[in-house]
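Here is a quick walk through one chain, stop by stop. Have the sequence and the 3D view open as you read.

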Amino acid sequence: MNKMKGLVCKECKKAYPAEAIHVCEFCFGPLEVAYNYDAIRSVISKEKIQQGPKSLWRYKDLLPIEGEPTAGLNAGFTPMIHAKNLGRILGLDRLYLKNDTVNCLTLSFKDRVVAVALTRAKELGFDTVACASTGNLANSVSAHAAESGLRCFVFIPSDLEAGKILGNLVYKPNVVAVEGNYDDVNRLCSEVAGEYPWAFVNINIRPYYSEGSKTLAYETMEYLDWQAPDHVVVPIASGSLLTKIYKGFHEFESLGLVGPVVTKIHGAQAEGCSPVAEAFKEKRDFIKPVKPKTIAKSLAIGNPADGFYAVKVARESGGLIESVSDEAVVQGMMLLAQKEGIFAETAGGVTIAVLKKLAEQGVFKRDESVVAYITGNGLKTQEAIAPSVGAPWLIQPSLMSFQEALKKSDALKEEGDR
Amino acid sequence: MKVRIPTPLRKLTDGQGEVLAEGKDVADLIEALERTYPGIKGRLCDEQGALRRFVNIYINEEDIRFHEGLQTPVKSSDEVSIIPAIAGG
């Protein structure tokens, strides 16, 4: 089956071959994969998907590769949980969390996009892969490049969290720490990509790479017994994830795998970097870039490539885009950990804090299904939460010492409150 | 001043990734580029002359939207980069 027709400009619809290009030569609009949906419709079915591998490759028919997957064979198909404890607090009977903090290989949703990007890069004949990253993407590209035996360059802002820097170095790629913010790194990489024949996963491979995010929507619908949810809450950095989740829902709808989709797509940003939320609130159709200042570094893109499209998707689907303070981000991380046992990174805190804000505004009805996407692991951003988590009791190895500490603490009091 | 040209526009600059041009502000610089490389203005600007949504221009690594947009003044020692907005994330 030839499922890919080629690439097409999202703006002016000019067609291009399915090569390593990402921008329309005429209007600079983004190139997207054009699928042969008739051919896909003839081969795809719920049964075929259910019999597929327990990874995102069960949706291979809707992913832009020509042959068999060769990277990230265990990516995706992460747990989805019915979050009853958090739901009780927020007044939601059907709150679900998609837990990509345990994605494979590197504990973030980026393993999805990298599985697709590296498989495609190899198909296109590249021997070197690269990326501009706020951390998670670099970790994933580094790990998958190591596994695939590809040369690797990752470009990151120099002030990233220690866990994210170490999470690159261990795979021994070429780690380039740039003295600047992510937007500086991204601009530099666009220029580097013009000079070196490398597969930059989120630049010249971006049309393929970004499609990997659709699998979060597919897995959500499959888990919900082949239905799209009433609401989703998605963190926004570049805006790509949010637009691709929307696309995923509507692809399943048009292929007849689910009924009519009325999902409201809500976006979440941190106040210290909220150019998309600002554009949404001010009803603008253009993004004013900002200089990010937030602990949610993985979302700190001041000049988001898909910001315009994210605003459009939220608006058209009936969703909202909200922002929250860094303090609320930390509270969101704690709430998620202490109620559902999921230790998410700062982006997860942003998502939970916005979920809470929307719930308090009465955006959700009690019996509506709401899915929040938790995209990265808290062990990678320990600095952000370390000052808020307290310290262990330090005692001598004696029963008396323990009992004294217990008396001083309020652990038993809390027990009595239950 | 030096102007760096992105890959999608290099067919218009005989394959050159870097060209020289002068102007008093960014709009003026684009007119100068148009005189040497006809067609380039139409790629960068829409019919009303505004910069296209998916084009970013930087002067010495700073986005002109943090200054005065197309009216941002430039001088010979500046380095200008034209970069597609769609990247990253």
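Which residues does A:Asn181 touch, not counting residues up to four places away in sequence? They are A:Pro157, A:Pro292, A:Ala300 and A:Gly302, where a contact means that two C-beta atoms, placed from the backbone, lie within 7 Å.

Before going on, a word on the source: this is a predicted model, where local features need pLDDT of at least 70, side-chain atom pairs count only at pLDDT 80 or more, and totals for chains, interfaces and linings use all residues. Residues are numbered from 1 along each chain as its sequence is written, while chains are lettered from A and ligands numbered from 1 in the order in which they are written.

Back to A:Asn181, which sits in the loop between strand 8 (174-178) and helix 7 (182-195) of chain A. Helices (H or I, at least four residues) and strands (E, at least two) are DSSP runs, numbered from the N terminus. A:Asn181 counts as buried because it has 21 C-beta neighbours inside 10 Å; the cut-offs are 20 or more for buried, 12 or fewer for exposed, and partly exposed in between. A:Asn181 and A:Ile301 are 120 residues apart along the chain, yet 8.4 Å separates their C-alpha atoms.

| Helix pair | Angle | Axis distance |
|---|---|---|
| Helix 4 (residues 110-123) and helix 5 (residues 136-148) of chain A | about 45° | 9 Å |
| Helix 9 (residues 214-223) and helix 10 (residues 240-254) of chain A | about 50° | 7 Å |

That angle makes helix 9 of chain A oblique to helix 10 of chain A. Helix 4 and helix 5 of chain A are oblique to each other as well. (Under 35 degrees is roughly parallel, over 145 roughly antiparallel, 65 to 115 roughly perpendicular, and the rest oblique.) On the helix 4 side of chain A, the residues meeting helix 5 include A:Val114 and A:Leu118; among their partners in helix 5 are A:Leu137 and A:Val141.

Last stop: helix 13 (residues 326-340) of chain A, with 15 residues. Buried there are A:Ala328, A:Val329, A:Gly332, A:Met333, A:Leu335, A:Leu336 and A:Glu340. Seen down the axis of helix 13 of chain A, these buried residues fall within an arc of 165° (taken from the directions from the helix axis to the C-beta atoms), so they line one face of the helix. The face of helix 13 turned away from its buried side carries the exposed A:Glu327 and A:Gln338. Just after helix 13 of chain A, A:Gly341 takes a positive phi of about 75°.

How values were computed. The expected span of a helix is 1.5 Å times one less than its number of residues. Axes are lines fitted to C-alpha atoms, for helices over the stretch in contact, and angles run from 0 to 180 degrees between N-to-C directions.
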